[in-house]
Amino acid sequence: MHRKALKPILTPYWNIGNELSEANDLLFKGRHLIIPKNMQSTTLALIHESHLGTERCKARARAIVY
C-alpha cells in the first residue's frame, strides 16, 4: 500500500504500520490503543478522573494507550 492511499488519520503511523492491528474499528499498536490527536486531551482527562494520583495515572496511561 502506498502512503498516499491511506486515510489521513492513519498517515502519522506510516512508519510503525507493521506494528498496528485493528479490532472493532479501533487501532492498536501491540496491546496499546492508539488515541487520535483530537481525542488525546479528553482521554487524558478521563484517566485523571480515576483520582489515582499523578504517578499512577501516568503509569495507567502508558500501559493502555499510545
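**Questions on a predicted model**

Q: Does Thr43 count as buried or exposed?
A: A residue is called buried under 20% relative accessible area, exposed over 50% and partly exposed in between, with a 1.4 Å probe and protein chains only. Because Thr43 has a relative accessibility of 17%, Thr43 counts as buried.

Q: In which helix is Thr43 found?
A: This is a predicted model, in which local features need pLDDT of at least 70, side-chain atom pairs count only at pLDDT 80 or more, and totals for chains, interfaces and linings use all residues. Residues are numbered from 1 along each chain as its sequence is written, and side-chain values use heavy atoms, with hydrogens and water left out. Helices (H or I, at least four residues) and strands (E, at least two) are DSSP runs, numbered from the N terminus. Residues 37-48 form the helix that holds Thr43, and this is helix 1.

Q: Which residues is Thr43 in contact with, leaving aside its neighbours within four places in sequence?
A: Contact here means heavy atoms within 4.5 Å. With those sequence neighbours set aside, the contacts of Thr43 are Ile35 and Val65.

Q: Is Asn24 buried or exposed?
A: Asn24 sits in the loop between strand 1 (20-23) and strand 2 (26-29), and although Asn24 is not a glycine, its phi is positive, at about 50°. Since its relative accessible area is 73%, Asn24 is exposed.

Q: What is the phi of Asp25 near?
A: Asp25 also belongs to the loop between strand 1 and strand 2, and its relative accessibility of 73% is why Asp25 counts as exposed. Asp25 is a residue other than glycine, yet its phi is positive, near 65°.
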